[in-house]
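Subject: Structure for you to look over

Hello,

Here is the structure I promised. Please open it alongside these notes.

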Amino acid sequence: MSSDARVLTTRVDWLLNWGRWNSLWYLLFGTACCGIELMQTGGPRADVDRFGAVPRAVPRQSDLMIVAGAVTYKMAERVRLLYDQMPEPKYVIAMGSCANCGGLFTRSYSVVKGVDLVIPVDIYLPGCAPRPEALTDAILKIQKKIQSERWVAKRRPLLHGRA
Amino acid sequence: MDVREIFQRLEAKLGSVGLALAQPAAGDPSITVPAARLRDACRFLKSDPDLAFDYLRCVSGVDLKDRMESVYHLFSTQRSHGVVLKVVLDRGNPEVDSVEPVWKSANWFERESFDLLGIRYLGHSNLVRVMMPGDWVGHPLRKDYVEQEHYHGIPTTRPDPVGGEDA
């Protein structure tokens, strides 16, 4: 702040990050029962809108993907497609045990043993299903992560040789 | 109508060859029908006014290691009675006539049974996988099923971080 209090100085990095962490638009996307808790989190009681996190129906407008629920091999291809359509920089929360490691369906033939085998994950949120408070906390942790980043588009490493 | 009466009607229509009635102490009684006569039996069970099985509840497959079975749970909404039909199939070449021409609801039931156990339903209008991806290898509910290690680059196992048996 300058001495006459009319000019605000800050770092460009910080300013851009401030914009990003306060407008963390998440993809409205649920793969199983965690999707119900995801809807609750967007609802009036948990109300993540107050942190600037609002649902978007289109991956091309989203910054954050919340993988809410078990991902089957059939769905994995679609999850990957949606993730690829999101613009950088993008973040992923694996919500619930199934998205973390297969959870209840660990011995199943049809469920992927963790969505991190398909797309890179930033936050692993345990629970079956996690309460809205837990998901809110995960979103706040993503905000913390953004605060520590430099505003330089950073490409994610390839997984399993796929872009 | 109880299962014994239904069995007698079926026997009178189809003859007793290969037809058997099982009434175990626990569980539903069932009628075993020879695979070649299945569709005839189903047509009769549906069209006979006293039987009037107008509702196919479920088609399921069973792998019994030495043989396979396709099981049909029927119900009559008009007569409020039910029956279970079973067909015994050769495990090496499990094939049976589709009952889709009789009850339309057999379509997805039979696709599921084909997907998970590999039972082929002859005359089905669209016998493709319904749960697993179309290019999946093998039928997961077979007793000798071995899962492929990767599917489109996705590993199908995950190492256990605490050193237990891998999932």
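**Helix α3 of chain B**

α3(B) is mostly covered, with nine of its twelve residues buried. Buried means that 20 or more other C-beta atoms lie within 10 Å of the residue's own; exposed means 12 or fewer, partly exposed is in between, and C-beta atoms are placed from the backbone. Helices (H or I, at least four residues) and strands (E, at least two) are DSSP runs, numbered from the N terminus.

A word on the source. This is a predicted model: local features need pLDDT of at least 70, side-chain atom pairs count only at pLDDT 80 or more, and totals for chains, interfaces and linings use all residues. Residues are numbered from 1 along each chain as its sequence is written, while chains are lettered from A and ligands numbered from 1 in the order in which they are written.

Back to the helix. The buried residues of α3(B) are A106(B), F109(B), E110(B), R111(B), S113(B), F114(B), D115(B), L116(B) and L117(B). They pack against β3 (55-63), β4 (68-76) and β7 (120-122) of chain B. Contact here means C-beta atoms, placed from the backbone, within 7 Å. The length of α3(B) (residues 106-117) agrees with expectation, because twelve residues at 1.5 Å a residue should span 16 Å and the end C-alpha atoms are 16 Å apart. The expected span is 1.5 Å times one less than the number of residues. Just after α3(B), G118(B) takes a positive phi of about 80 degrees.

**Strands of chain B**

β4(B) and β5(B) pair antiparallel over nine bridges. Pairing requires at least two bridges found by DSSP. F75(B) has G82(B) in β5(B) as its bridge partner. The hairpin of these strands has four residues between them, and S80(B) there takes a positive phi near 55 degrees. β5(B) (residues 81-89) also runs parallel to β2(B) (residues 30-32), joined by two bridges. T32(B) stands opposite K86(B).

**Chain A and the interface**

Chain A has five helices and five strands. Their order is α-β-α-β-β-α-β-α-β-α. Of its 163 residues, 36% count as buried. Among its contacts between residues at least 6 apart in sequence, 79% join residues at least 24 apart.

Across the interface, 18 residues of chain A are in contact with 13 residues of chain B. Helix α3 (residues 73-85) of chain A gives the most to the chain A side, with four residues. By class, that side has seven nonpolar, six polar and five charged residues. Nonpolar covers Ala, Val, Leu, Ile, Met, Phe, Trp, Tyr, Cys and Pro; charged covers Asp, Glu, Lys and Arg; the others, Gly among them, are polar.

Best wishes

How values were computed:
Contact = placed C-beta atoms within 7 Å.
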